[in-house]
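Student: I have a model open and would like to know what lies behind the words used to describe it. Can we go through them one at a time?

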Amino acid sequence: MAVTFEVVKNCTRLRELVEQSNKVLEVIGYTDHGPRHVGYVSRIAGEVLGKLGSPSRRVELARIAGWVHDVGNMINRKNHGLNGAVLLFPILCEMGMSVSEACEVCGAVGQHEEETGQPVSDISAALIIADKVDAHRARVRARDVIPTGIHERVNFSIQATKLTVENGMIAIDYTMNAMASPMEFMSIYLSRMQMCEESAKFLGCNFALHINGVKLNRWDEEDGI
């Protein structure tokens, strides 16, 4: 029987890895990477493939990859995708996942960092998009004080996000207040948004970035403009 997303989500060992990784990132000053973040990434990765008409098992594997993609942060932030893939492979196989599916999940996890990764499958492309677009005030850990660091200010300024997948376009729309500027957003997220463009192209789509209704990137249209 195939290992389901619910089995992975409810696995005590994997949940502990998620929690411990989030604690490490809290200590070194990063935004939330715990159940809220991995839950969002899991849901969005599945939605991207689902709306593109992928088979249900590919959708489920994308959701699984989303839930476990950040466990390598428990070891170190640097190369956490690679570390996570190595950690996960034996665990997934012990849970009963086939070697081929474990390879799919771990390959996606190992490729999701913008410094070292690139889309190599539909699952990895969906994971990259879901992970990189997660910017929101809910990721700021201390929301009862005015944030001063640029990462916290940018995330805290984002009031709403909307991801749509339709007609060959994957689009993310952010609603920001004046606490941070689109320029500050791009200073942090430029390489991530570029990775989203690459991943959308892998999936046969274009990628559009909007902040407060303004298009910030350029996509190919029917005559290549």
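Tutor: Start with the word "buried": a residue is called buried when its relative accessible area is under 20%. The model here is a predicted one. In helix 8, the residues Arg153, Val154, Asn155, Phe156 and Ser157 are buried.

Student: What covers the buried residues of helix 8?

Tutor: The cover includes strand 1, strand 2 and helix 9.

Student: Why is Thr161 called partly exposed?

Tutor: Thr161 has a relative accessible area of 29%. Buried requires under 20% and exposed requires over 50%, so Thr161, at 29%, is partly exposed. Thr161 is found in strand 1.

Student: Which residues does Thr161 touch, not counting those up to four places away in sequence?

Tutor: Thr161 touches Tyr40, Ala135, His136, Ile172, Asp173 and Tyr174. Ala135 is 26 residues apart from Thr161 along the chain, and the C-alpha atoms of the two are separated by 7.9 Å.

Student: What makes strand 2 and strand 3 a pair?

Tutor: The reasoning uses the same cut-off of at least two bridges. Six bridges join strand 2 to strand 3 (residues 206–211), and these strands run parallel. Ile172 has Leu209 as its bridge partner in strand 3, Asp173 stands opposite His210, and Tyr174 stands opposite Ile211.

Student: Why are strand 1 and strand 4 called edges?

Tutor: The sheet is open, with four strands in the order 1-2-3-4 and mixed pairing. Strand 1 and strand 4 (214–215) each have a single partner strand, so one side of each is left without a neighbour in the sheet.

Student: Why is strand 2 described as largely enclosed?

Tutor: Six of the eight residues of strand 2 (residues 169–176) are buried, so the strand is largely enclosed by the rest of the structure. For strand 3, five of the six residues are buried, so that strand is largely enclosed as well.

Student: Which residues of the largest nonpolar core touch the most other members?

Tutor: Of its 60 residues, they are Val105, Ile170, Tyr174, Phe185 and Phe207. Leaving aside neighbours within four places in sequence, Ile170 is in contact with residues including Val48, Ile129, Leu163, Ala200, Leu203 and Phe207.

Student: How many of the residues lining the largest pocket are charged?

Tutor: Twelve of the lining residues are charged, ten are polar and two are nonpolar. The lining has 24 residues, with Tyr30, His33, Arg77, Glu114 and Arg192 nearest the pocket centre. Among these, Arg77, Glu114 and Arg192 count as charged because Arg and Glu belong to that class. The pocket volume is about 480 Å³.

Student: Which helix gives the most to that lining?

Tutor: Helix 8, with three residues. Helix 7 (122–132), helix 8 (150–157) and helix 9 (182–202) each supply at least two.

Key:
Residues are numbered from 1 along each chain as its sequence is written. This is a predicted model: local features need pLDDT of at least 70, side-chain atom pairs count only at pLDDT 80 or more; totals for chains, interfaces and linings use all residues. Side-chain values use heavy atoms; hydrogens and water are left out. On a 1 Å grid over the protein atoms alone, a cavity is a set of points where a 1.4 Å probe fits but cannot get out, and a pocket is an open set with protein on both sides within 12 Å along at least five of seven lines; lining residues have an atom within 4 Å of a point. Grid points are joined across faces, edges and corners, and a volume is the space filled by probe spheres set on the points. A nonpolar core is a set of buried Ala, Val, Leu, Ile, Met, Phe, Trp, Tyr and Cys residues joined through side-chain atoms within 4.5 Å. Buried means under 20% relative accessible area, exposed over 50%, partly exposed in between (1.4 Å probe, protein chains only). Contact means heavy atoms within 4.5 Å.
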